[in-house]
Every structure is written in C-alpha cells, then in structure tokens.
Amino acid sequence: MDTKELLKKVRKIEIKTRRLSDHVFGGEYHSTFKGRGMTFSEVRQYQFGDDVRNIDWNVTARYNEPFIKVFEEERELTLMLMVDISGSEYFGTQEQFKNEIITEIAATLSFSAMQNNDKTGLILFSDEIELYIPPKKGKSHVLRIIRELIEFKPKSNKTDIANALKFLSSVMKKKAIVFVLSDFIADSYRDTLKIAAKKHDVTGIRIYDKAEETIPNLGMVEMQDQETGELLLVNTGSKSVRNQYYSYHRERVDYFTESFTKSGAGALSCRVDESYVKKLLGYFKRR
C-alpha cells in the first residue's frame, strides 16, 4: 500500500470513528471507567457524617482534634489495545473482514480515550508479540496506532493469546483498561487471563463472521487453514463432519465466554455484519 493510499485510509477511519467517539462514546467511556483508582489528596478537619475509617490518626494526635484523609479520583487512565493479527482475522464473507471491524473498534476506543486525556498503547500479536507501542497521549499518537492497525504485516499467521497476556503483565506495571480484540479461535489462555484480570480492567471483544459458525452442504470442498496454510479436502456433504465442525466452533465460543466471565473480566461478541456501536454502547451501559 503506497503512502497516499494509506493516509486516505487513515483519514477515512479517523472521520468515521472520531465522530462516533465524540458523539456517542465519549461520555459512556468516561462514566464506565472513571474512578478506577483513588489517590490521597489532602487532610481536613473531621465533619459529622465523614467515614471514620479515613481518620488520619497521626495528624489527629498532633492537633488533638480529628482530621480525615481526603481522596480524589485518579482521573488519568491508560487504555491498552491488544489486537490479534493472526491469519484468521483476514477472513470475511460480508462487506468487511474481521480485521477491518477490529481496526474501527480500536480507533473508536482510542479517540474516546484521547477525549478523556488518557494514554493509549497498542500490542499487536500472533503467536508472538509482533509490535508494542507504549502508551502515550495525543492525536498524532492515535493516528500512528490506526496506521499500524491498517498496514502492519505479521511475521506469523498463528495465535497465542496466553503469550500476549503474559507480555501485557510484564510491560504494564500499573492498572490499565485493556481491550483484547480477536476472533478467539484459540484455547489455553484461561489461567493467564485470570492473572491479568486481577491487575487490570480487561474486556474481550470477539469478532466473528457468521460463515464460521456452520459449514454449508457443498459436497467435497478444498479448504485452507488461514493460520497454518494447510490445504484440506473436506466432505461438507457429511452430516457428521458438519456436526463436528459446529461442536468445535461452539467449544471455542463457550471457552471464550466462560474464561472471561469466570476471571472477572468483561466479554462481548460482535458479528461483522452487526453494529459494533450498539454492542459497545450496550456493554458500557451494563457496566
């Protein structure tokens, strides 16, 4: 993709997602994630009705009258976007591929964080860490994130969500708002997710195509695994093959939902032909 075409794509995504974050998500993002941490601000004299647990006993002893500690919201937050760029994201039977929807959602969240004067960071992962952009503020930083989401070419087509979550824990020492965007056609990440969710405010956004849910009866079909490149001859006319595939898909979806909810993390699923705006707003309102 040449520079002119890339800038055009970045601008198009900026216009669409900026409008969403300005008019729709700004307030929702703020009210959903505000007050995640409280920092000590000052001490003042105790007033009737104050929480006695906040009494500062050192100051109280010094002045012989009760003083309490005053806390305020830690307003500045850090948003971390963890984006799966493995081979299966470059799939779609509708107007857009999964990775295009993921880019739009990530851009919308980034602009919402920018409006809130928060930092945003990015982790692009496959079965390895493909790119890490440390959290920073500002529009030029958000535009760089969008640019990388559009044009970055992964070295690997495979997926390892557990490895990505381990990397998150190693680079993010302070609590962050974390969105993991993937199709979650993977397993073995539950234990790592539990550790990450104890420290951070984690949400998994599963993006999928309806063609992935079932295989239609098309007779003998040659199929390619997006992640391994392996070509397989599949008899889609066989009911047991179709049932096996459906069971495999359901297991992955159930694993995703259970892993996130049991870890105390948030989870939402969005099909590529559905409105991610409605899905995200519904999710923010439920929190």
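Residues are numbered from 1 along each chain as its sequence is written, and side-chain values use heavy atoms, with hydrogens and water left out. In this predicted model, local features need pLDDT of at least 70 and side-chain atom pairs count only at pLDDT 80 or more, whereas totals for chains, interfaces and linings use all residues.

The model contains an open sheet of six strands with mixed pairing, arranged in the order β5-β4-β3-β6-β7-β10. Strands and helices are taken as DSSP runs numbered from the N terminus, a strand (E) having at least two residues and a helix (H or I) at least four, and two strands are said to pair if DSSP finds at least two bridges between them. The edges are formed by β5 (129–136) and β10 (266–271), each of which has a single partner strand, so one side of each is left without a neighbour in the sheet.

Strands of a sheet pair through backbone hydrogen bonds, either parallel or antiparallel. Strand β3 (residues 78–84) runs parallel to strand β4 (residues 119–125), to which it is joined by seven bridges. Within this pairing, L81 stands opposite L122 in β4, and the bridge partner of T78 in β4 is K119. Strand β4 is joined to β5 by five bridges, and these two strands run antiparallel; they form a hairpin with three residues between them. L122 also stands opposite I133 in β5. Strand β4 is mostly covered, with six of its seven residues buried, where buried denotes under 20% relative accessible area, exposed over 50%, and partly exposed in between (1.4 Å probe, protein chains only).

Nine aromatic pairs are found in the structure, a pair being counted if the ring centres of Phe, Tyr or Trp (its six-membered ring) lie within 6.5 Å, with planes under 30 degrees apart classed as stacked, over 60 as edge-to-face and the rest as tilted. The ring centres of F184 and F260 are 5.4 Å apart and their planes stand at 85 degrees, so the pair is edge-to-face. This pair links distant parts of the chain, since F184 lies in the loop between β6 and α6 (190–199) and F260 in helix α7 (residues 239–262), 76 residues apart. F184 is buried, with a relative accessible area of 1%, and F260 is likewise buried, with a relative accessible area of 1%. The pair of Y189 and Y255 is also edge-to-face, because the ring centres are 4.9 Å apart and the planes stand at 85 degrees. Here too distant parts of the chain are linked, with Y189 in the loop between β6 and α6 and Y255 in helix α7, 66 residues apart. Both Y189 and Y255 are buried. Ring pairs link F184, Y189, Y255, F256 and F260 into a cluster.

A search of the whole structure finds 14 salt bridges, each defined as a side-chain nitrogen of Lys or Arg within 4 Å of a carboxyl oxygen of Asp or Glu. Side chains of opposite charge can pair when their charged atoms come close. One of the salt bridges joins D187 to R252, with the closest N and O atoms 3.4 Å apart. The two residues lie in distant parts of the chain, D187 in the loop between β6 and α6 and R252 in helix α7, 65 residues apart. D187 counts as partly exposed at 39% relative accessibility, whereas R252 is buried, with a relative accessible area of 16%.

The side chains of R53 and D51 meet in a salt bridge (2.8 Å, N to O), in which R53 counts as exposed at 70% relative accessibility and D51 as partly exposed at 30%. K279 forms a salt bridge with E274, the closest N and O atoms being 3.5 Å apart; K279 is partly exposed, with a relative accessible area of 30%, and E274 is partly exposed, with a relative accessible area of 29%.
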